[in-house]
2 protein chains.
Amino acid sequence: MTIEKILSGDKLTIARAISNVEDGRAESVQLLKDLFPHTGKALVIGITGAPGAGKSTLVDRLATHYRKQNEKVGIIAVDPSSPFTGGAILGDRIRMQNMATDAGIFIRSMASRGNLGGLARATVDAVAILDAGGYHKIIIETVGVGQDEVDIVKAADVTVVVLVPGMGDDIQAIKAGIMEIGDVFAINKADRDGVLRTERELEMLLSISERADGWTPLIIKTVATEDKGLENLAAAISGYQEYIAANTEQASQRRANIARHRIIELLRDKLLQLALQKGTSESELQSAAQAVAERKLDPYTVVEEILQKVLGW
Amino acid sequence: MTIEKILSGDKLTIARAISNVEDGRAESVQLLKDLFPHTGKALVIGITGAPGAGKSTLVDRLATHYRKQNEKVGIIAVDPSSPFTGGAILGDRIRMQNMATDAGIFIRSMASRGNLGGLARATVDAVAILDAGGYHKIIIETVGVGQDEVDIVKAADVTVVVLVPGMGDDIQAIKAGIMEIGDVFAINKADRDGVLRTERELEMLLSISERADGWTPLIIKTVATEDKGLENLAAAISGYQEYIAANTEQASQRRANIARHRIIELLRDKLLQLALQKGTSESELQSAAQAVAERKLDPYTVVEEILQKVLGW
């Protein structure tokens, strides 16, 4: 049985189950329902930041740190889709080869596939499978700072934002909108010039922002390539986890928010899937798109017609 | 009449209409339908890149360049939502004050509002309003490189990816997934060290990627703060526009893809809106989320129940 194999941590079965949720296969739903009571044990860590901040290396070293404590680690690297190839990307393939020999580590790269999105939903489902599979720490690494990334890290128990010295140069860094989602900030490549300035600017930004949970985000300096600062980072992550756990009201609120978000993501996905199955065919959609492109038909009318078919109004 | 005022370029009416589409007001749909035949004239330019690349300054200078040629310019700055404040962000407020005095420029900052998303849809609708309002060039500026940003720039006629020297340092830059969406690359802050290396790395990356439309992306060096390279950038943007226009088959395909994407975004938005109106109430959703958080109920069952109510199965 698939479910027993997943609960016993069978890597191959876990990998297949994740592929199935990624592909949006119907049979995944029953599996996810069955696994659901076995989830909620892992600590889910979201790690995000701008490209070039050294997130991958940081994640790898953090995973290595947890492995030394005999904890099983799942890593989900979320890549925005390449619109041309639609595929997963070079970097993770290289990483997978390096770490795949360790039975206590599971690495998976996930990319959204085309227009239908569902990346946030698929990521959350993959986390659930790894959680049920006995992974103690599940790290979701996202590239970039877009809405989808924000949505994904919202589903994490603890969120780490990775910065590098010099990023605080201009107003752009504030605009990124990632400041306010970080429970912990890692200033990576902290052997570079400007680290103190970045730290001070970050402290200033954090001092003017108010969090609903009363937590003051910790700032940790790391040099991931030299394995420096990783223990402090792990301690900061645990620190936030303990802070939240001690505050029952907050913890319950955070979990309910995550659950609400998950329900909405699932609903959004499922609705679009149903509408495209029942409200239109691929060829109808293509000719409607052509007509819209030629300004012969407006897209609002197209959508109303599809909705009418789906909802039977 | 709202529609005549928009067609005559009345800024206040345009601003109100954009607020209405952002808020997802029902009356917007009829307006957008009425405006639709008047759209398709503007050149839509998507500008994206990592935080700190100087996109805002570049966009402002490019807009100034177009203004000198007596072209009206609309700028939509898309910010990922701040999960805590949900608001628009400092930088654009400052910019708006600087440029708002020019009647031929319209600047608007858009942020997604909470979980319901719809940013991509709202952006496209705002572009349509500006297009109908007689803006010749519409620049969509996005922060970050997430899926939502990719979706948004997909709706542009020409996409400019902004890089800075030194970003090609590691594999992360490739991972960003923005390489393949750029029709034109601007290496901004090109007076910095490492510009030639970044240029060479970019050339190499571009040489190994193949585009369906046969275009070889142009690389333009700019120093936006000193107004350098902006004419070249504008020429590269026109160059791609002309290349595409000369290739009727490609141009028609690109427009159909954009239209298809737009239909799906509209559909996704509308479906979720209907489901949350008809399939559940806010308090039901909250208690379901609470039950899921406590592992008493799985989210898949919750979604099935909502779907049943909406679709009447």
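User: Two residues are in contact if their C-beta atoms, placed from the backbone, lie within 7 Å. What percentage of the contacts in chain A with a separation of 6 or more comes from residues 24 or more positions apart?

Analyst: The model is predicted, with local features needing pLDDT of at least 70 and side-chain atom pairs pLDDT 80 or more, whereas totals for chains, interfaces and linings use all residues. Residues are numbered from 1 along each chain as its sequence is written, with chains lettered from A and ligands numbered from 1 in the order written. In chain A, contacts with a separation of 6 or more are counted, and the share from residues 24 or more positions apart is 76%.

User: How many helices and strands does chain A have, and what percentage of the chain is buried?

Analyst: Helices (H or I, at least four residues) and strands (E, at least two) are DSSP runs numbered from the N terminus. Chain A holds 13 helices and seven strands. A residue is buried if 20 or more other C-beta atoms, placed from the backbone, lie within 10 Å of its own, exposed if 12 or fewer, and partly exposed in between. Of the 313 residues in chain A, the buried part is 52%.

User: Which residue stands opposite A:Lys137 in β4(A)?

Analyst: Strand β4 (residues 137–142) of chain A has six of its six residues buried. A:Lys137, A:Ile139 and A:Glu141 point one way from β4(A), while A:Ile138, A:Ile140 and A:Thr142 point the other way. Strand β1 (residues 43–49) of chain A runs parallel to β4(A) and is joined to it by five bridges, where pairing takes at least two DSSP bridges. Opposite A:Lys137 stands A:Leu43.

User: Why is strand β4 of chain B described as largely enclosed, and which residue stands opposite B:Ile140?

Analyst: Strand β4 (residues 137–142) of chain B is largely enclosed by the rest of the structure because six of its six residues are buried. B:Ile138, B:Ile140 and B:Thr142 point one way from β4(B), and B:Lys137, B:Ile139 and B:Glu141 the other. Strand β1 (residues 43–49) of chain B runs parallel to β4(B), with five bridges between them. The residue opposite B:Ile140 is B:Gly46.

User: How far apart in space are B:Val162 and B:Asn188, C-alpha to C-alpha?

Analyst: B:Val162 sits in strand β5 (residues 158–163) of chain B and counts as buried because 27 other C-beta atoms lie within 10 Å. B:Val162 and B:Asn188 are 26 residues apart in sequence, and their C-alpha to C-alpha distance is 6.5 Å.

User: Is A:Lys189 buried or exposed?

Analyst: A:Lys189 lies in the loop between β6 (184–187) and α9 (195–208) of chain A. Its phi is near 55°, a positive value in a residue other than glycine. Because 25 other C-beta atoms lie within 10 Å, A:Lys189 is buried.

User: What is the phi of B:Arg295?

Analyst: B:Arg295 is found in the loop between α12 (282–293) and α13 (299–311) of chain B. With 14 C-beta neighbours inside 10 Å, B:Arg295 counts as partly exposed. Most residues other than glycine have a negative phi. For B:Arg295 phi is positive, near 65°.

User: Which residues of α11(B) do those of α11(A) meet?

Analyst: From α11(A), the residues involved are A:Leu267, A:Arg268, A:Leu271, A:Leu272 and A:Ala275. In α11(B) they meet B:Leu267, B:Arg268, B:Leu271, B:Leu272 and B:Ala275.
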